[in-house]
Amino acid sequence: MNTRRLPTGGQINRAKPLEFEWDGKPLAGYEGDSLASALLASDETILGRSFKYHRPRGLMSAGVEESGAIVTIGTGARRDANVKATSQALYDGLVAKGQNAWPSVRNDFGAVNSLFGRFFSAGFYYKTFMGLPPFEWGKGTGAWMWYEKIIRKAAGMGTASREADPDAYEHANGYCDILVVGSGPAGRAAALSAAQSGCDVVLVEQDFALGGESLSRVEEADTLSQELAALRAAGVRLMENTTAFGLYDGGVAGLLERVTDHLSAPPQWMPRQRFWTMRSRFTVIASGALERHLAFGNNDRPGIMTANAAKIYLNRYGILTGENIVIATNNDSAYLTASSLSNAGACVTLLDSREQILNSSQSGVQSTGVDVKSGMSILNAKGSKGVYSIDLAEKSPDGWRAKNQMACDLLLISGGWSPVVNLLSHRGLKPVWDSVNACFIAPDHHEPIAMAGSAAGIWDHAGCVQSGEKAADHAVAHLHGQRAETSNKSGGWQTPIEGLYEISVSGHQHKSFVDPQHDVTADDIRLAHQEGFVSVEHLKRYTTLGMATDQGKMGNVIGLALMAEALGKEIPEVGTTTFRPPYTPISIGALKGRNVGSHFRALRRTPLHDWNLNAGGTMTMAGLWHRPWYFAQPGEGIGEAYVRETETVRRTVGVCDVTSLGKIAVQGPDATEFLNRVYTNPFAKLAVGKARYGIMLRDDGFVMDDGTTWRLAENNYFMTTTTAHAAKVMTFLEELLQTRWQDLRVHLTSVSEQWAGIAVAGPQSREVITECAADPREVTDRALPFMGVIETTLKGNIPVRIARISFSGERAFEIYTPSDYGPAAMDMIWSAARVRKGCLYGLEALGALRIEKGHVTGAELDGRVTIEDAGLGRMASDKKSYIGSVLKNRPELLKDDRPRLVGIFPKDRREIFNAGSILCQNGNVSGYGNGWVTAVTHSPALGHWIGLGFIEGGHSNWIDREVVCADPLRKGNTPVEIVSPHMFDPSGERMYG
Amino acid sequence: MANRCSALAAYYPTGLHGRPGEPGVKLQEIPDLSLWQIAGWPDTMELIHLAITDGMNSDRLPAGRALAGSKGVAFQVEPLKFWLLAEAPPVFKEAHGVILDLSHSRTQIRISGPEAQTCLSRLLPLDLRDHSFPQNAVASSGIHHVGITLWRSELGFELFIPRGFARSIWELLLETAEQFGSEVI
């Protein structure tokens, strides 16, 4: 393969040379080069190693279907594996290297695999797993554990960087009337016509240059810039470097825009890639067609590529890829390429498998010096790291027969063209076989999609342009609610194509590749057939045909043809596999966009978030919220901090940010009736200025949530929910109003964000509130008794609503202030608490306090618990109907032996036990046990560890019975004592006092 | 009276960011939001309309559009609920509907400048093209799974973000805007 850059020609900017590195070697190219063309111009011909056999591979194409030049780009954290050199724009400083080879792609020790090629045939893995016959039949091989590591190491191609990705990615939303995919002649014609009809058009092109096929046609390249200018003038939004990778419901197209992948020094403020969700009302697919290879001996050698690729390298990049070139074809398209190469100075021989070729075709190329041989093709390519000669094959009545050898340094293949129908296939439409043009084309359909150009199987330039305009007419008519002609007629060649997929002659055994990316050979296809894998879907999975990064772009049709031949059927009878998104690979980074690191999930901050941090709080996640976990003093860990906080609350006073509790405004003349229907306990007579603790059930009678509801005015309530169930409660209540109780005049609004919540708990809590209140008389014991509610102001005219309610079991208040006043209110309250030797406390101490009291929370109310189970049966009214009131009385839920809430002490008070353990009768630790532990803490008040949990029949059932807390995976068995859940101050004197 | 403390107080990097040159996007918190929710009943909606639009140049609030007047700006957020950006709530009989102060529940961020539309499209699945989302258009949507309300005022795009999520979304906005050259005002 003697490649050279021609002194003139191409779409490259020779005034701007670029330096790059290939496998450690400094090389140069030009602006406008792809990495592939720059390597080719530098006479680098071995660019990869094959997957299984480590055969040397060179460029096979010039586009996204490339299966040879798959390389690794970049270094360090920016190392990007499996990049197709044909799609990568060259930039100054680009570093590329070969992959799947050691020490290099030119000299790879892995090539020894070729010697064992017969053992790596289709189904290699399956057969390996079967085990050594007859000893391991039916049970798989035990040796797998030994060679798994070797196989895993050998599998795959390049390796991704292990470092964190330093680049930013983002998502984007786009809207347009018409999305045109592809900037070739058909796409441009469609876009211009549609835009001139007044439509908002977006045209996307996967290449780094706009123009498609026109970039490699000298006669069109000159007018391309004018056409692109006309598109811009017509308002078409042009997006190069952008792949339409999938089509989805509702006119949604997934686009991947490579924003900076072509830049040597991307600005730090730019994302590397952008993942677009483009919503269009109509899509024109002008995505072109891919030229097919042929299956023949050693058809994967460096120096063998598609004819169209050679044309692209010649006309777009100014590179003559060989001096003595043979082209094998079965269709007309290669003739133009032959003429171009001959005109550029190469000696060209054209082997046309067709015996009858129209004179006009022949004479056209013969005048340029091309030697045309009809009824001829290739049997085998000779050479290892390049091609130096070929064995010819000649048509015979019963197939092919071997002919003489012929010297050459470049072999070009044109086995026909496959329209890129992938996007249409994403819509669930099976492509249909066009036997005249020997390709799959789009079926008739009713989607708002039109195919145009060679994607529709149209091969001539004028036909492509015309089909683009017709597609635009179709689109515009659709937008106006009119029907239009939906399909373009395929064709355009003077002499019909001949269906040719493999050239083989009996007695000549060579490796003949169908899917070069996965090293699937023609023999593998036949082996799969012999072994009974006759369905195309089974064939695919057994041989891995079409499962590599090109997703069958290069080999699928050949594979299907070979299977059809083996089955004695026609290709349409065999069918085709389904194309699924993405059309080309997408980085994980683009899929995640900016939702990474601290933005993996949106963080929900309370108005006191920064206040808590400044006060030394350590935060923990509570749903999307960050809540203070504990406030450690110097020398303290969490264990010491929460015990101190718990003790301080019991002794003096503690202050805690409780903003994350759900808060719902319930307003309207029927609000009281509404609450009475959703809570198990009566709300009909709750006085204004009073709060009440309430339990809500689900329809099925299990507990959904608990909380307090405050009556602020006759028709105005303030409901609080648990942090965990805030959204669920809000949604359920809104559903009740909108579906079952439309007659009730009630409005619900989440006010969780409106109010900052501060709990002040402890014997000295009233003193703290009194010091902060603008009018201390409003917060006296008489003015604000237990479960009393007031709306008032703190000093500084800070509006607040205060209820005297307790979660800790101490005298306590919950104070809510409009969020923006949260820090100011907290400053004041904390100042008053601090002088009383109070503390800030977090979620851990909050948990300890409530466990001591036996108060339930989300850990206990897990959806399996009835109100009786939770020990709150007295709150279930038998005088009214409410949500869940019927189904809670199902016999199964009324059984006495259901697990009931209990307190748990270790028998040996020095012992510790874990939440999540199961409770079992001593000596019978089995199955799910008799109960489970939901929460544990060290109780400063009691001086030992305590827990809450559920056990069959509750406390009374386990008096004087021996129970163990079984934790087989962590701690083993701990003897425990089942006690009442009200482990501290059961009469509530401290709370009411 | 104590001062209100913005959700963005701890992270408000005023000045120019990202791409040099004239900023394509300007970001600004509109502080001290005064937001009222007015909710009526199916048979009192006309009366609620009248109360809300008092002082405005129309007595009808078209769906998806804001109406501005000397007393504030109003738009519909649910079939029976309206938001009123005004110093004081409207006056109407208690039987006609209910009023709720939501002034502290949302953080208002204005995004303006020649690239504001493009910048927002990176985060919002809304068609913000001029003919689809003209001045005074209003929509409910989501940024990073957080429900937001968007109103296009004569000064830019006004985002109303739940206060607890405001800082997180603000950080995303600042990051996204850098590519256009941004200015935090």
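Mentor: This is a predicted model, and the domain assignment of chain B gives domain 1, with residues 15-32 + 105-184, and domain 2, with residues 35-101.

Trainee: How far apart do the C-alpha centres of domain 1 of chain B and domain 2 of chain B lie, and how many residues does the contact take from each?

Mentor: The two C-alpha centres lie 25 Å apart, and the contact takes eight residues from domain 1 of chain B and six residues from domain 2 of chain B. On the side of domain 1 that touches domain 2, the elements giving two or more residues are β9 (138-143) and β10 (146-153) of chain B, and β9(B) gives the most, with three residues. By class, that side of domain 1 divides into four nonpolar, three polar and one charged.

Trainee: What makes α3(B) stand out on the side of chain B that touches chain A?

Mentor: The contact takes 38 residues from chain B and 40 residues from chain A. On the chain B side, β3 (35-40), β7 (97-101) and α3 (163-177) are the elements that give two or more residues, and α3(B) supplies the largest share, nine residues. That side has 16 nonpolar, 13 polar and nine charged residues.

Trainee: Which residues of α17(A) and α22(A) meet?

Mentor: I638(A), Y642(A), E645(A), T646(A) and V649(A) in α17(A) meet E844(A), A845(A), A848(A) and L849(A) in α22(A). By class, this contact has six nonpolar, one polar and two charged residues.

Trainee: How do you know that helix α6 of chain A is mostly covered?

Mentor: A residue is buried if 20 or more other C-beta atoms lie within 10 Å of its own, and nine of the nine residues of α6 (residues 307-315) are buried, so the helix is described as mostly covered. Among them are A307(A), N308(A), K311(A), Y313(A) and N315(A).

Conventions
Residues are numbered from 1 along each chain as its sequence is written. Chains are lettered from A and ligands numbered from 1 in the order in which they are written. This is a predicted model: local features need pLDDT of at least 70, side-chain atom pairs count only at pLDDT 80 or more; totals for chains, interfaces and linings use all residues. Two residues are in contact if their C-beta atoms, placed from the backbone, lie within 7 Å. Helices (H or I, at least four residues) and strands (E, at least two) are DSSP runs, numbered from the N terminus. Ala, Val, Leu, Ile, Met, Phe, Trp, Tyr, Cys and Pro count as nonpolar, Asp, Glu, Lys and Arg as charged, and the others, Gly among them, as polar. A residue is buried if 20 or more other C-beta atoms lie within 10 Å of its own, exposed if 12 or fewer, and partly exposed in between; C-beta atoms are placed from the backbone. Domain bounds come from an automatic or database domain assignment.
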